[in-house]
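Hi there,

Here is the structure I promised to pass on to you. Have a look at it first, and then read my notes below.

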Amino acid sequence: MKKTALFIMLLFCGFDLAVAKKTLPAKSTQENTIKITTRPEILGLWGMDIPQNKKCVEYYNFRNGNEVVVNSAQEWSIGQFDYQPSPDNTLTKLPTLMIQVNYENNATDCSGNTVDQAGELSQYFVKWNSPTQINFCATEQGKDCFATLKRVLP
């Protein structure tokens, strides 16, 4: 009787294992689809107070796809930018920012000027004072800085 009960119990256990083997999902052959994308640290909305007009802020919106939109009072400009971090990741040479204006609406800016900048190519050296404040400088050593921008949005 004990042998029969043991045999029946082993038979059911074996049956359960056989069913379990058939219902297990097949091993996936799909490759890992995780993609890591880095973005330039300058991306986001930055504002620059204009000293001559304390009520006016000039905004630089560095967007994905290397697009930049600049708004200064009634003036709107759209263009492309290229941001190159410091080549040796030190402070001996600052990151380079190039901006080319493709479209300009020729309206008055915060300084009261109306200048057609379409087609202009500008180069700046970016001095990072903090993660939320940068300077535009004329030299890669950080000399002759002429503009301070504060981060508005990430």
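Of the 154 residues in the protein, 28% are buried, where buried means under 20% relative accessible area, exposed over 50%, and partly exposed in between, with a 1.4 Å probe and protein chains only. Please keep in mind that this is a predicted model, in which local features need pLDDT of at least 70, side-chain atom pairs count only at pLDDT 80 or more, and totals for chains, interfaces and linings use all residues. Residues are numbered from 1 along each chain as its sequence is written, and side-chain values use heavy atoms, with hydrogens and water left out.

Now for the overall fold. The protein has 1 helix and 8 strands (DSSP runs numbered from the N terminus: H or I of at least four residues for helices, E of at least two for strands). Read from the N terminus, the elements follow the order α-β-β-β-β-β-β-β-β. The 8 strands close into a barrel, β1-β2-β3-β4-β5-β6-β7-β8, with antiparallel pairing; two strands pair if DSSP finds at least two bridges between them. On average, neighbouring strands of this sheet are turned by 35 degrees against each other, direction ignored (axes are lines fitted to C-alpha atoms, and angles run from 0 to 180 degrees between N-to-C directions).

Glu58 is buried but has no salt bridge, and Lys150, the nearest side chain of opposite charge, is 15 Å away. A salt bridge here is a side-chain nitrogen of Lys or Arg within 4 Å of a carboxyl oxygen of Asp or Glu; Lys and Arg count as positive, Asp and Glu as negative, and His and the chain ends are not counted. The side chain of Glu58 does make polar contacts with the side chains of Tyr60 (2.6 Å) and Ser72 (3.0 Å). A polar contact is a pair of N or O atoms within 3.5 Å, one able to donate a hydrogen and the other to accept it within protein; residues adjacent in sequence count only if both atoms are side-chain atoms.

Enjoy exploring!
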